[in-house]
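Let's take a friendly walk through a protein and see how its parts sit against each other. Have the structure open beside you as you read.

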Amino acid sequence: NMSTSMNMGRIVFYEDRNFQGRSYECSSDCADMSSYLSRCHSCRVQSGCFMVYDRNNYMGNQYFMRRGEYSDFQSMMGMTDIRSCRMIPMHRGSYRMRIYERDNFGGQMHEMMDDCDSIMDRYHMSDCQSCNVMDGHWLMYEQPHFRGRMMYMRPGEYRNFRDMGMSGMRFMSMRRITDMC
């Protein structure tokens, strides 16, 4: 199947910094890496884009990775360990997401089709607690101008960000994941 082979990403995780120690190669989602590696402190993204998480089951702090070498998670991202990862499929086509001020799609709603570096500036929204991603894959950031902690959103309904291990986080900017991988 051509379309799946086009979508393949490849990432190699290493137990120690600077690509040392045992390694584990991955080209799909992995909810728990502890059966392959006791810890994970560096990686190489050979192709595609991935999200990595410091807890199992795609929870906790997450970080977006494109092709390249990441020799030390601690110093580069402040992450002490990687426990799960998701491959981000390539998306060709339009992007569409509705963001809501409150959970369960309450409060103000705005539909977005492109990057937004500040929901406060653009929509006078001080908070975003739920969203519906209709098309494309997105990154949401804690601070304006795509800074701070981030969260990866694939198509679907997200009724309450707090339920996703994101308590206390508010999202102030959003960016499309284009095929920049």
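This is a predicted model: local features need pLDDT of at least 70, side-chain atom pairs count only at pLDDT 80 or more; totals for chains, interfaces and linings use all residues.

Twelve residues from domain 1 and eleven residues from domain 2 take part in the contact.

How much area do domain 1 and domain 2 bury between them? The value is about 850 Å², with 60% of it on carbon and sulfur atoms. On the side of domain 1, the residues that lose the most area to domain 2 are M59, Q62 and I88, which together make up 42% of what that side buries.

One salt bridge is found across the interface of domain 1 and domain 2. The side chains of R154 and D29 meet in a salt bridge, at 3.4 Å from N to O.

Which strands of domain 1 each supply at least two residues to the side that touches domain 2? Here they are:

| Strand | Residues |
|---|---|
| β4 | 49–55 |
| β5 | 59–65 |
| β7 | 84–88 |

Of these, β5 gives the most, with six residues. Sorted by class, the side of domain 1 that touches domain 2 has seven nonpolar, three polar and two charged residues.

Conventions. Residues are numbered from 1 along each chain as its sequence is written. Side-chain values use heavy atoms; hydrogens and water are left out. Contact means heavy atoms within 4.5 Å. Buried area is the accessible area (1.4 Å probe) that two parts lose on being put together, summed over both. A salt bridge is a side-chain nitrogen of Lys or Arg within 4 Å of a carboxyl oxygen of Asp or Glu. Helices (H or I, at least four residues) and strands (E, at least two) are DSSP runs, numbered from the N terminus. Ala, Val, Leu, Ile, Met, Phe, Trp, Tyr, Cys and Pro count as nonpolar, Asp, Glu, Lys and Arg as charged, and the others, Gly among them, as polar.
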